[in-house]
Amino acid sequence: MSRHTATNDKGHQFVYGFDEPLSYYFLDRVYPNGNWRHIVGLCSCPPVYGSALNLLEFLDKFRVEVPEAHRELLMLDLPI
């Protein structure tokens, strides 16, 4: 499993990555009080399938800044 942290332009923290055994990407919002909100992947509500395309879409939607190398891997649908 890969797990990376990033922030957006508002300073909100996010965790994203790829779970290899389950073969899905995920994106979670981490709140200052320690709570989590699953945005992409298993446990997301409303359900959002953990595909590379969905992860890219929601990274852009929330303006999460990730390394360009990660974006390129996601565009190729390869694990990050």
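In the predicted model, Cys 45 is exposed, with a relative accessible area of 64%. Its sulfur lies 10.0 Å from the closest cysteine sulfur, that of Cys 43, which is too far for a bond, given that a disulfide requires the two sulfur atoms to be within 2.5 Å. Cys 43 is likewise in no disulfide, and this residue is exposed, with a relative accessible area of 64%. A search of the whole structure returns zero disulfides.

Helix H1 spans residues 52-61 and helix H2 spans residues 68-75. The two helices pack with their axes 9 Å apart, at an angle of about 140°. H1 and H2 are therefore oblique to each other, because an angle counts as roughly antiparallel when it is over 145 degrees. On the H1 side, the contact is made by Ala 52, Leu 55, Leu 56, Leu 59 and Asp 60; on the H2 side, it is made by Arg 71, Leu 74 and Met 75. By residue class, this contact of H1 with H2 comprises six nonpolar residues, two charged residues and no polar ones.

The segment after H2 contains Asp 77. When residues up to four places away in sequence are not counted, Asp 77 touches Tyr 25 and Ala 52. Of these, Ala 52 also belongs to the H1 residues that meet H2. The side chains of Asp 77 and Tyr 25 are joined by a polar contact of 3.4 Å. Between Asp 77 and Leu 55, the C-alpha to C-alpha distance is 10 Å, with a separation of 22 residues in sequence. Leu 55 is one of the H1 residues in the contact with H2.

Notes:
Residues are numbered from 1 along each chain as its sequence is written. This is a predicted model: local features need pLDDT of at least 70, side-chain atom pairs count only at pLDDT 80 or more; totals for chains, interfaces and linings use all residues. Side-chain values use heavy atoms; hydrogens and water are left out. Axes are lines fitted to C-alpha atoms, for helices over the stretch in contact, and angles run from 0 to 180 degrees between N-to-C directions. Helices (H or I, at least four residues) and strands (E, at least two) are DSSP runs, numbered from the N terminus. Angles under 35 degrees count as roughly parallel, over 145 as roughly antiparallel, 65 to 115 as roughly perpendicular and the rest as oblique. Contact means heavy atoms within 4.5 Å. Ala, Val, Leu, Ile, Met, Phe, Trp, Tyr, Cys and Pro count as nonpolar, Asp, Glu, Lys and Arg as charged, and the others, Gly among them, as polar. A polar contact is a pair of N or O atoms within 3.5 Å; within protein, one must be able to donate a hydrogen and the other to accept it, and residues adjacent in sequence count only if both atoms are side-chain atoms. Buried means under 20% relative accessible area, exposed over 50%, partly exposed in between (1.4 Å probe, protein chains only).
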